[in-house]
Amino acid sequence: MSKTLLLSLSLLLGAVAGRAQTADDYFHRGAQLYIWGKKKDAQAQVLTGLQQFPADPQLNALATLLKKEEQQQQQQQQQQNQQQSEQQDKKDQKQQSGQQQSQDQKQQDQKGKSQQNQQQNQSAQQQKQEDQKQQQAARAQQEQQKQQPQKAQAANSPDQSKEQKDQQQDAEEAAAAGEMTPEQARQLLDAQKADEKLLQLKPDSKPIDPRRPLKDW
């Protein structure tokens, strides 16, 4: 029974395979494959049918539809690729922007530190100059304090040149009064100067008596 059934099926298939295919056969198989989503197989079936029946309107219409959908699919694929490329570009730009912001922030931090160091150096230099000024003022004050006793001593000491002038004036007044000649007054002044020198060299010697009579030359 089974052998008889298999033999019958084989004969039927052979008869179908040996039967000549028409344009409708290619169209129906291509349409069925298209409905099943097998567009590449459907396109291959339609192209085969067009090789045998190039003027068949149904095969040409189905071929046009398949070609149009193929172009649309390619456009969609291109758009998808373009979108992916744009998204990647945006991602790269965002990453680069983040890196640039990080670099800018780093440069600003370095600039701030540099300015802070400059201000510290300027403050240190100003402080150093102030210290030097204070030291100079202190030294000047010390020098002034050292010179004050010397000035006071010089102010308290007798003015030798003034005394000599006074003596010379007294001698001239005496000569004018007729008490002595100008030559005698000059000799008197010379003697007083000599006495003063002796007094400076020998402070323990007795002073010359001014009442001692002068020799009349």
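Q: Where is the place of Arg 29?
A: This is a predicted model, so keep that in mind as we go. In it, the place of Arg 29 is in helix H2.

Q: Is Arg 29 buried, partly exposed or exposed?
A: Its relative accessibility comes out at 32%. Buried would need under 20% and exposed over 50%. So Arg 29 counts as partly exposed.

Q: Which ring has Arg 29 over its face?
A: To count, CZ of Arg has to be within 6 Å of the ring centre. Arg 29 makes it at 5.2 Å, and the ring it lies over belongs to Tyr 26.

Q: How many aromatic pairs does a search of the whole structure find, and is the pair stacked, tilted or edge-to-face?
A: The search turns up one pair. Its rings, Tyr 26 and Phe 53, have centres 6.4 Å apart and planes at 55 degrees. Stacked needs under 30 degrees and edge-to-face over 60, so the pair is tilted.

Q: How many residues apart in sequence are the parts that this pair ties together?
A: Tyr 26 lies in helix H2, residues 23-35. Phe 53 sits in the loop between helix H3 (39-52) and helix H4 (57-156). So the pair ties together parts whose separation in sequence is 27 residues.

Q: Is Tyr 26 buried or exposed?
A: The relative accessible area of Tyr 26 is 6%. The cut-off is under 20%, so Tyr 26 is buried.

Notes:
Residues numbered from 1 in each chain as written. Predicted model: local features only at pLDDT ≥ 70, side-chain atom pairs only at ≥ 80, totals over all residues. Heavy atoms only, no water. Phe/Tyr/Trp six-rings, centres within 6.5 Å; stacked < 30°, edge-to-face > 60°. Helix = DSSP H or I, 4+ residues; strand = E, 2+ residues; numbered from the N terminus. Buried < 20%, exposed > 50% of the residue type's maximum accessible area, 1.4 Å probe, protein only. Lys NZ or Arg CZ within 6 Å of the ring centre and 35° of its normal.
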